[in-house]
Amino acid sequence: MEEFTQILLLFISTVLINNFVLIRFLGICPFLGVSKQVETAFSMGLATTFVMTLTAAATWMINTFILEAFNLPFLQYVSFIIVIASLVQFVEMFIKKTSPVLYKALGIFLPLITTNCAIMGLALLIPLNGYSFIASVVFGFGAGVGFTLAIVLMAGLREKLEFGDVPGVLKGVPVTLIIAGIMAMAFMGFSGLISM
Amino acid sequence: MNPTYLYSLISMGGIAAFLAAGLGFASVHFKVEQDPRVGKVNDALPGANCGACGYAGCSAFAEAVVNGEAPVGGCPVGGDKVSSNIADIMGADADSSDKVVAELLCGGGIKETTKSGKYQGIKTCKAANAVNGGEKECQYSCLGFGDCEVVCPFDAIIMSENGLPQIDPEKCTGCGKCVEECPRNILLLAPLSAKTHIRCSSHNTGKIVRKTCEVGCIGCSLCAKTCPVDAIEMKDNLAVIDYEKCVNCGKCAEVCPTGTIEFQGRMIEKVEINDNCVGCTLCAKACPVDAIEGEVKKLHEIDQEICIQCGLCFEACNVDAVDLFYKDEE
């Protein structure tokens with residue numbers, strides 16, 4: 001029971017308190033680039049969650065069974081990059097064959113998210129925090145959910161903003177960055193929610 | 001040898017070999033049979049994945065083209081070259097006739113129009129339109145501050161000295177951004193093949209137009225009466241052309257008393273069919289007024305009484321059997 005509570009708390013803390021986008025500032029590129037429509041933003045979030053969960057599981061195994069076993073932590077970066085890239089490639093081919101519907105939903109976002117810093121950050125944070133396997137997977141999934149939450153909220157705001165009377169100088173990217181900043185501040189309010 | 005080197009080499013090599021084997025396995029066993037044209041079309045595209053076509057990246061657009069959902073010329077970045085390459089792959093015509101370009105429906109520049117006052121506000125069309133409608137008296141006229149020039153992503157619009165936007169049909173991709181931007185709604189997208197344009201949007205009565213602009217439509221409806229294919233309609237004191245119906249004969253431009261109608265083609269004096277005719281009937285089918293007569297496999301003839309000199313038969317003929325005599329040719 002104790003363990004389950006810990007896992008649940010880890011999930012909530014990853015989604016809200018240590019949100020990858022708004023608190024750790026990872027994955028800003030898709031956060032600003034693909035947040036024009038709620039629908040595409042959600043697809044992006046879905047793909048990210050998918051890749052992050054896979055990444056967490058794969059890199060935990062590589063790190064524990066190979067890198068730590070042979071005392072090679074300096075190979076983390078290189079090995080994680082090739083593992084993530086080829087894993088996503090593999091999964092993409094697998095999905096294309098088995099589930100065209102899912103492939104359509106994730107579409108181009110799957111390969112696009114592979115090289116994102118949020119994914120790499122996640123892979124490097126796991127050995128740093130020393131999570132167990134289950135904790136790592138939950139951490140990865142939570143990070144993906146947090147990303148989805150942030151990007152969908154952003155897309156919703158930007159859709160409404162289309163009708164807003166934004167001064168010319170702030171139109172487009174500037175006002176988006178301001179919104180991102182305010183959102184990040186708002187998410188800081190979660191920091192007192194739980195203490196691990 | 002330091003064991004760290006050895007372990008690094010072995011572990012990295014092992015991981016790489018394992019992943020390579022996995023990917024190799026997947027590429028064989030999870031292969032999805034795809035239309036080979038999708039790959040070819042994808043290669044012909046710029047590959048910027050900019051999404052300007054409305055699809056999620058170049059490969060999605062390539063798939064849509066092959067499925068017939070997207071036009072071959074749907075890539076606004078690649079322009080004519082890319083679309084003709086794609087057309088080659090798809091075995092279709094490049095459809096340059098389908099290409100649309102922006103056209104300005106106002107001919108009243110600084111020289112042709114009268115002023116109602118001096119505008120000293122913010123120098124954009126939007127601001128001028130919001131305040132008092134700029135300097136020109138005609139409330140349908142081009143404001144001339146070049147909002148369209150600014151918004152055009154392809155540098156296809158340049159403001160002339162006369163204060164009117166000049167659109168370069170070569171550079172224009174028909175994206176429609178200027179059409180949206182124009183607060184007066186006097187820009188529209190017209191087929192590139194259209195050569196006849198009524199350069200006025202004024203719904204004012206003839207009397208007012210006469211006072212405010214030298215080249216405005218006074219609503220005399222001469223063009224509508226002259227048009228042999230009824231492509232011009234009078235709508236609230238303004239002649240409006242239907243590009244779908246127009247055969248570009250240029251007759252309307254000839255009769256227009258104010259020079260509002262611009263005809264960019266050459267006026268044809270007479271059309272004749274020569275001995276090359278093999279009687280294929282293509283010209284007769286193309287003729288909008290049924291002026292061509294003749295039986296299959298026999299020499300066709302044009303009834304000069306009915307003929308409107310549009311030249312469509314010339315374009316339809318495959319054997320150079322139609323001769324055009326232009327008016328500006330002696």
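This is a predicted model: local features need pLDDT of at least 70, side-chain atom pairs count only at pLDDT 80 or more; totals for chains, interfaces and linings use all residues.
For the complex as a whole, the predictor gives an ipTM of 0.75 and a pTM of 0.54. Chain B has an average pLDDT of 85, and 97% of the residues in this chain score at least 70. Among the elements of chain B, the lowest mean pLDDT, 79, belongs to helix α4 (residues 79-90), whereas the highest, 92, belongs to strand β5 (residues 196-198).

Chain A is built from 9 helices and 0 strands, and its elements, read along the sequence, follow the pattern α-α-α-α-α-α-α-α-α. Of the 196 residues in chain A, 40% are buried. Among the contacts in chain A that link residues at least 6 apart in sequence, 81% join residues at least 24 apart. The unreviewed UniProt entry annotates residues 6-29, 41-62, 74-95, 107-127, 133-157 and 169-194 of chain A as "transmembrane region".

The contact between the two chains takes 18 residues from chain A and 16 residues from chain B. On the side of chain A that touches chain B, α3 (38-67) and α4 (76-98) of chain A each supply at least two residues, and α4(A) gives the most, with 11 residues. By class, this side of chain A has 12 nonpolar, 4 polar and 2 charged residues. One residue of helix α4 of chain A, I82(A), illustrates the pairing in detail: when residues up to four places away in sequence are not counted, I82(A) touches I15(B), A16(B) and L19(B). I82(A) counts as partly exposed because it has 15 C-beta neighbours inside 10 Å, a number that lies between the limit of 12 or fewer for exposed residues and that of 20 or more for buried ones.

The largest nonpolar core has 51 residues, and those with the most contacts inside it are A47(A), V51(A), I119(A), L122(A) and I151(A). Two or more residues are given to this core by each of α1, α3, α4, α6 (109-114), α7 (117-129), α8 (133-161) and α9 (173-188) of chain A. The surroundings of L122(A) show how such contacts are made up: leaving aside neighbours within four places in sequence, L122(A) is in contact with M52(A), T55(A), A56(A), G140(A) and A143(A). Apart from this core lies another, of 45 residues, which includes L105(B), C125(B), I157(B) and I232(B).

Two residues other than glycine have a positive phi. In chain A, F25(A) has a phi near 55 degrees and lies in the loop between α1 (2-17) and α2 (28-33); F25(A) counts as partly exposed because it has 15 C-beta neighbours inside 10 Å. In chain B, K297(B) has a phi near 65 degrees and lies in the loop between β10 (292-293) and β11 (301-302); because K297(B) has 10 C-beta neighbours inside 10 Å, it counts as exposed.

A further loop residue of chain B, Q120(B), is placed between β1 (100-104) and α5 (125-131). Q120(B) is exposed, since 7 other C-beta atoms lie within 10 Å. The C-alpha atom of Q120(B) is separated by 8.9 Å from that of G134(B), which is 14 residues away along the chain.

How values were computed: Residues are numbered from 1 along each chain as its sequence is written. Chains are lettered from A and ligands numbered from 1 in the order in which they are written. UniProt positions are given in the numbering used here, feature names are shortened, and annotations may be inferred rather than shown by experiment. Two residues are in contact if their C-beta atoms, placed from the backbone, lie within 7 Å. Helices (H or I, at least four residues) and strands (E, at least two) are DSSP runs, numbered from the N terminus. Ala, Val, Leu, Ile, Met, Phe, Trp, Tyr, Cys and Pro count as nonpolar, Asp, Glu, Lys and Arg as charged, and the others, Gly among them, as polar. pLDDT is the predictor's confidence in each residue, from 0 to 100. A nonpolar core is a set of buried Ala, Val, Leu, Ile, Met, Phe, Trp, Tyr and Cys residues joined through C-beta atoms within 7 Å.
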